[in-house]
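Thanks for coming, everyone. Please bring the model up on the screen, and we'll walk through it.

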Amino acid sequence: ANFVGAPRPAAAPTLRPSRGAGSSSPAAAAAGRRLPSTARQAEDFSSFKVADLKEKCKAQGISVTTSMKKADLVRELEAAFARDAPKEGDEEDLKKLTVGQLQERCDSLGLSSAGKKADLVARIEEAAEGDGASDEVEEEEEEEEKEEEPSPAKSAKAKKGGKAAAAVPAAFEVDETVEGYFEKEEQWYEAKVLKYLGGGKYNAVWVDDRGKGDEAQTLGPGFIRKRLADVDRAGPFLAGEAVEGYLEEGQQWHPGIIQENHQDGSFRVIWDEDATEHTLVAKDMKKIAPRMELFDLGPGLRMKATINSIRDFGAFVDVGAVREGLLHMSNIKQTTRPMNAPAFDVGERVTAYFDDDMRWHPGTIDSMNGDGRFNIRWDEGGDDAEVFACEVKGIKLQDERRLPFKVGDRVDVWVAKVEERAGRFSVSMFEGGRRGPTKPRDYSAFESMDPTVSVTGIIRRVLDMGFVVEIQAPTGARETGFVHLSQIRDHRVENVAEYGRVGDEVDVRVVTVDVKGQKMSLSMRPIY
């Protein structure tokens, strides 16, 4: 979700979708499916949260006021269910119920609430036919559970000896101006904190009480947050701040509010969509705040950026501005692989050659085989795909550049250049936004190497005109040299990529060394 611009004077941007909107919740994403409705049977109303009780009242056509407390809501719902319940000996006329009431009934019975009114009626009637046969079994199970329950004295003793739950520290101070969620209008409005009640709940009054009542309100977890305008985007994460959290299971960002800093690098977050909680680390969170205009940016400003997409020339990143920024390839810190590193890493995306059909297929490095080959899991078969052992020469990276990040990662960047008129800006991974002077490359250790003796090198880049190969001098110094396509084979080479891939080991000879020009020419052609 994009939250562009400053909040409106009266109401802050709404980040919480209305319950039952049909969007996939974080808990559902983690489970790989949508959550069932939270509705329960009438006798469980006392265990519901106030927000859920209000929703159920609305579904039953019960008028809800801001002055109603939890006990009032429970009383109204129980009375409504008692009215709707059929009298003993009478047959209930389900067709007289509204669609909302039928859906509530389906939810309470654990049935699907999807479909038209006739579908709901038929579903409830079918379930009712099977209820009689199961009543006796349920009664027997309840009796057995009662027999197994420990005595009150034993329970009290166990409770006394147990470890007390840690108190939740206050995230907001008394008299602090915050934002509270007003359910009736499904909007966030400014409120002033009066008192911390414990358990993440606060007494607060609306700053602008028009239409909302001037009485103190109880704002619980998920219904109170720091003002978006006060959030320090570059500062540490604080309890009470609205954030987006990344769930690997669903590979999606979800809005929520930090409830507690565990002081171990992790945070307890409550999701906006379904009020469930999750523990996240800083790298999987980004703050929600009004988006910055380009004139708010300046060269050298340090920011956290989310990698949105990767292109041949670099990456587009989100720093919380009204536009994406460009992280050009020249401003990306490249990773350096040691000489003894394997050609590929587990998890890398590759394309591998399959001998049976003599074609290249996409896949992922599953593991190293131990004999110099790599096990590839093909994309075509999904999770059940077979693993195929392939030699290095039959594998190539899908992206020949090894970048220090992937899409979705959070990285530190500095603003490099802002062009307000053009409506664009660029960032850099180098401190201050400018790449410092590069260290001179010293090729002196390679001057004395015998041009008739081959050494083992590793292909670092594949270009149209040849290979960039890294070799090691007798002194231990490492540098790269260039193998022109005319020096790859004795015969004419039309396609350089057919003779080597990034990570391949090749035998090369040092042909010429230009220490002043900081370059070195290599050859793969043997001497006869």
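I'll start with the whole chain, then go to the cores, then to a few single residues.

This is a predicted model, where local features need pLDDT of at least 70, side-chain atom pairs count only at pLDDT 80 or more, and totals for chains, interfaces and linings use all residues. Residues are numbered from 1 along each chain as its sequence is written, and side-chain values use heavy atoms, with hydrogens and water left out.

The overview. The protein chain has six helices and 26 strands; these are DSSP runs, helices being H or I of at least four residues and strands E of at least two, numbered from the N terminus. Of its 528 residues, 37% are buried, meaning under 20% relative accessible area with a 1.4 Å probe, protein chains only.

Now the cores. A nonpolar core is a set of buried Ala, Val, Leu, Ile, Met, Phe, Trp, Tyr and Cys residues joined through side-chain atoms within 4.5 Å. The largest has 33 residues, and Ile376, Ile395, Phe467 and Val469 have the most contacts inside it. Several strands each supply at least two of its residues, including S17 (374-378) and S23 (466-472). Another core, of 21 residues, lies apart and includes Met292 and Leu327.

Take Ile395. Leaving aside neighbours within four places in sequence, its contacts include Phe344, Trp360, Ile376 and Arg501. Contact means heavy atoms within 4.5 Å.

Next, Glu260, in strand S8 (residues 252-261). Is Glu260 buried or exposed? Buried, because its relative accessibility is 18%.

Last, helix H2 (residues 50-59). Its buried residues include Ala51, Leu53 and Cys57. Just after H2, Gly61 takes a positive phi of about 80°.

Note on methods:
Buried < 20%, exposed > 50% of the residue type's maximum accessible area, 1.4 Å probe, protein only.
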